[in-house]
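Have the viewer open while you read.

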Amino acid sequence: SRSIRLAVIPGDGIGQEVVAEGLKVLGAVLPAGTKVETTEYDLGARRWHATGETLPDSVLEELKGHDAILLGAVGDPSVPSGVLERGLLLKLRFAFDHHVNLRPGKLFPGVKSPLAGEPEIDFVVVREGTEGPYVGNGGTLRTGTPQEVATEVSLNTAFGIERVVRDAYRRAAARPRKKLTLVHKNNVLVHAGHLWTRIFERVGQEFPEVTTDYLHVDAATIFLVTQPQRFDVIVTDNLFGDILTDLAAAVTGGIGLAASGNINPSGEFPSMFEPVHGSAPDIAGQGKADPTATVLSVAMLLEHLGLTAEAARIEAAVAADLAERVDGPARSTSQIGDALVTRVAG
Ligand code: NAD
Ligand code: IPM
Ligand code: MN
């Protein structure tokens, strides 16, 4: 028998609602001999208002003792933008060196999309997770004056690029189509862009079986909408990856279906799984949020922990549920969760 130590951070807004459903499905899918010990952490807007804390060092330490983290979403209109996003979510990604941010873009059969058909839309974005403009390198001068200047410097290290690029090549080599597309903007961002391109080409020599391709990010947005089938694995930087994966979600059934994993491949620190979407203040508290992205993130978590069969059962349950949604009535967050529980248990 085996036990999974799972840290749960529901966070803000719909984060609370969707994580509850994710945990229900997790409880239902686990084999009899496998226990899950969950520790829930009260982090997010409520905690910040009450104590001023975003992510106390003591909590960061405790989180290290877990096998994985499940996160809902953070961010709330009552908290200045960036406080929770940087102080909690990005702090976790940086502290736990989640340099591989995996974001699948898969159109499940039966899901409404003008692009549905053959070949299938089934790609994965490998988004760098610890560098780029996300590092917080910048500042303002002459703040508040008409002469104010703001900089936001993108950090790109050869080490950081090489490790995520190699990870993406490995993933591409393991997939049937074996194709890897680098997305950047090396016609304008010549410093970082050329470093990415050089490393991409050099590491590619280790993977002669992988077909490679390069797109500027603006053109990549065209093809994600008009021809998403052309993509297999995409590797890109932190900010481009953020933007492309919301777009990818939109072409594969919507943001309510998009899952992600913030992976620390060495296993030195726990990896963290979360839906791609945010706390959705516009629908929070109404039972309208689709928990499917979180449920699929739970599947990625199980896959990461080696529970491959259970991950596949969740994917199959989601696929079956989606195939029946097309003409069905709108369901609440918990109704969708319950339906998925029934399917994984049955
Ligand atoms: P958002 O993803 O929260 O919402 C964008 C739109 O998608 C909204 O109309 C929302 O209702 C809809 N949506 C999102 N998830 C949905 C779901 N599961 N089911 C149905 N509809 C869904 O993005 P935003 O509005 O830009 O950001 C809101 C807050 O969330 C901000 O504070 C932002 O910083 C934060 N955020 C957090 C994360 C995260 O924690 N990983 C990710 C993105 C945004
Ligand atoms: C995401 C979010 C985060 C990001 C924000 C909230 C920091 O948009 O997970 O996609 O930009 O990475
Ligand atoms: Mn995003």
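In which loop is Pro119 found? Pro119 sits in the loop between β4 (100–106) and β5 (122–128). A cis peptide bond links Glu118 to Pro119, with omega at about -15°. Arg142 belongs to the loop between β6 (132–141) and β7 (149–155).

Some ground rules. The model is predicted, so to speak of a local feature takes pLDDT of at least 70, side-chain atom pairs count only at pLDDT 80 or more, and totals for chains, interfaces and linings use all residues. Residues are numbered from 1 along each chain as its sequence is written, while chains are lettered from A and ligands numbered from 1 in the order in which they are written. Helices (H or I, at least four residues) and strands (E, at least two) are DSSP runs, numbered from the N terminus.

**The sheet**

The open sheet has 10 strands in the order β2-β1-β3-β12-β11-β4-β5-β10-β8-β9, with mixed pairing; two strands pair if DSSP finds at least two bridges between them. At the edges are β2 (34–40) and β9 (211–216), each pairing on one side only. From one strand to the next, the twist averages 25°. Strand β1 (residues 2–11) runs parallel to β2, and seven bridges join them. Arg2 stands opposite Thr34 in β2. Helix α6 (residues 190–204) packs on the sheet, where it touches β8 (179–184) and β9, and its direction makes about 165° with that of β8.

**Helix pairs**

Axes here are lines fitted to C-alpha atoms, for helices over the stretch in contact, and angles run from 0 to 180 degrees between N-to-C directions. Residues are in contact if their C-beta atoms, placed from the backbone, lie within 7 Å.

| Helix pair | Angle | Axes apart |
|---|---|---|
| α1 and α11 (residues 333–345) | about 10° | 9 Å |
| α9 (residues 292–304) and α10 (residues 308–325) | about 160° | 7 Å |

α1 and α11 are therefore roughly parallel (under 35 degrees), and α9 and α10 are therefore roughly antiparallel (over 145). The crossing of α1 and α11 is right-handed, meaning that the near helix is turned clockwise from the far one by less than a right angle. Among the residues in that contact are Val18 and Val25 of α1 and Leu340 and Val344 of α11. By contrast in hand, α9 passes α10 in a left-handed crossing, the anticlockwise case. Here Leu296 and Leu302 are among the α9 residues, and Ile314 and Val318 among those of α10. By class, this contact of α9 with α10 has eight nonpolar, two polar and three charged residues. Ala, Val, Leu, Ile, Met, Phe, Trp, Tyr, Cys and Pro count as nonpolar, Asp, Glu, Lys and Arg as charged, and the others, Gly among them, as polar.

**The ligands**

A residue is in a shell if its C-beta atom, placed from the backbone, lies within 6 Å of the molecule. For ligand 1 there are 20 such residues, the closest being Gly75, Gly256, His277, Gly278 and Ala280. The elements giving two or more residues to this shell are α1 (14–29) and α4 (83–95). Its classes are 11 nonpolar, five polar and four charged.

Around ligand 2 you'll find Gly75, Glu85, Leu89, Leu90, Asp242, Val276 and Gly278. Three residues come from α4, which gives the most to the shell around ligand 2.

Note on methods: Two residues are in contact if their C-beta atoms, placed from the backbone, lie within 7 Å. Angles under 35 degrees count as roughly parallel, over 145 as roughly antiparallel, 65 to 115 as roughly perpendicular and the rest as oblique.
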